[in-house]
Amino acid sequence: MNQATKNQERIFLKFPDRDAASKFAAEIFCTAYRKFEKLLFGTATGQTPVKIYEHFIEMMNTIVGSENDLIFRQLDNYISPDSSEDNLPFYSYQTELKNSVWKVPHLDAHVPHEWVSPDAEVGRYITIIEATNKWASYFIQLLGIGDKDGHIAFNMPGDAFDSTVHVVDLNQETIEANANKFFGGDTTKVPKQAITSGIGDILKANAIIMAGFGKAKADIMHRSFFGEVTTDVPASALQTHDGVLFVILDEDSASTIVEKEGESVFTNPEDLDIWESL
């Protein structure tokens with residue numbers, strides 16, 4: 001059941017593997033950088049974007065002579081009460097991004113601070129979002145998705161679709177995922193709260209890239225884009241997005257959509273003019 005808004009262009013793309021899919025996603029971002037004078041790139045963290053950033057950095061190093069400006073704006077970050085600006089924990093998303101995508105020459109970059117009062121940081125980051133949205137001539141947001149509940153950024157089931165920056169208590173799935181990523185499976189060491197851009201902030205993007213790879217993403221991808229629009233599945237909010245939406249999958253993550261909706265849902269990447277789609 002297609003519940004997309006009338007003004008939305010949804011483009012489903014399926015690739016043989018994660019690397020090919022990631023390279024195409026990077027091409028979208030680089031095309032946007034070439035096309036728009038002031039590009040706001042909404043960054044995401046986690047395992048999904050790693051290859052995308054690797055290809056993006058490689059491609060950006062080949063773009064010579066562009067006078068266009070670029071701002072990175074991160075979706076979210078942990079709240080780490082014992083940290084400071086000069087002493088960030090190794091699991092900090094600010095550290096993660098500075099070691100990857102922020103190596104690209106850019107005008108500025110923003111990330112929620114984890115070492116200040118959460119309430120004060122919510123106010124500061126709302127101001128950052130308003131200012132960077134106003135500055136940008138085009139805003140493109142990268143997203144990953146929670147395997148089981150379809151969370152986007154740290155927006156969890158039940159969060160309103162018009163939500164803005166807020167503090168969230170991390171659910172058990174997210175705590176376990178980060179324990180496995182950073183702490184050898186020890187959930188007691190994982191931060192229990194985070195600060196996140198809201199779903200309403202995400203939906204203001206001109207273009208959204210939803211990327212997801214692996215069999216674990218297959219069912220939630222189908223529920224998010226062909227199921228009911230409900231706060232029980234935060235990513236289903238993207239069906240209401242008034243803009244262009246690229247859904248970039250590999251063979252495994254696309255499998256449920258293929259089974260239930262058919263191959264005709266997918267656009268052949270070779271037939272897609274990225275410049276014209278943006």
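Rings of Phe, Tyr and Trp (its six-membered ring) pair if their centres lie within 6.5 Å; planes under 30 degrees apart count as stacked, over 60 as edge-to-face and the rest as tilted. The structure is a predicted model, in which local features need pLDDT of at least 70 and side-chain atom pairs count only at pLDDT 80 or more, while totals for chains, interfaces and linings use all residues. Residues are numbered from 1 along each chain as its sequence is written, and side-chain values use heavy atoms, with hydrogens and water left out.

**Exercise 1. Determine how many aromatic pairs the rule gives, and describe the pair of F12 and F266.**

Solution. 
- Step 1. Applying the ring rule gives 11 aromatic pairs.
- Step 2. F12 and F266 form an edge-to-face pair, with 6.3 Å from centre to centre and 80 degrees between the planes.
- Step 3. This pair links distant parts of the chain: F12 belongs to strand β1 (residues 9–15), F266 to the loop between α8 (255–261) and α9 (274–277), and 254 residues separate them. Helices (H or I, at least four residues) and strands (E, at least two) are DSSP runs, numbered from the N terminus.
- Step 4. Both F12 and F266 are buried, where buried means under 20% relative accessible area, exposed over 50%, and partly exposed in between (1.4 Å probe, protein chains only).
- Step 5. Ring pairs link F12 and F266 with F225 and F226 into a cluster.
- Step 6. K14 lies over the face of F266, at 5.7 Å from the ring centre. The criterion for a charge over a ring is NZ of Lys or CZ of Arg within 6 Å of the ring centre and within 35 degrees of the ring normal.

**Exercise 2. Characterise strand β3 through its burial and its strand partners.**

Solution. 
- Step 1. Strand β3 covers residues 69–74, and five of its six residues are buried.
- Step 2. Strand β2 (residues 38–43) runs parallel to β3 and is joined to it by six bridges; two strands pair if DSSP finds at least two bridges between them. K38 has D69 in β3 as its bridge partner.
- Step 3. Three bridges join β3 to strand β5 (residues 108–110), again in parallel. In β5, A109 stands opposite F72.
- Step 4. F72 also forms an edge-to-face aromatic pair with F56, at 6.3 Å centre to centre and 75 degrees between the planes. F56 lies in helix α2 (residues 50–60) and F72 in strand β3, 16 residues apart; both are buried.
- Step 5. The charged end of R73 sits over the ring of F139, 4.8 Å from its centre.

**Exercise 3. Is I28 buried or exposed, and which residues does I28 touch?**

Solution. 
- Step 1. I28 is placed in helix α1 (residues 18–35).
- Step 2. I28 counts as buried because its relative accessibility is 0%.
- Step 3. Leaving aside residues up to four places away in sequence, I28 touches I140, I209, F246, I248, I274 and L278; contact means heavy atoms within 4.5 Å.
- Step 4. The C-alpha atoms of I28 and A207 are 10.0 Å apart, although 179 residues separate the two in sequence.
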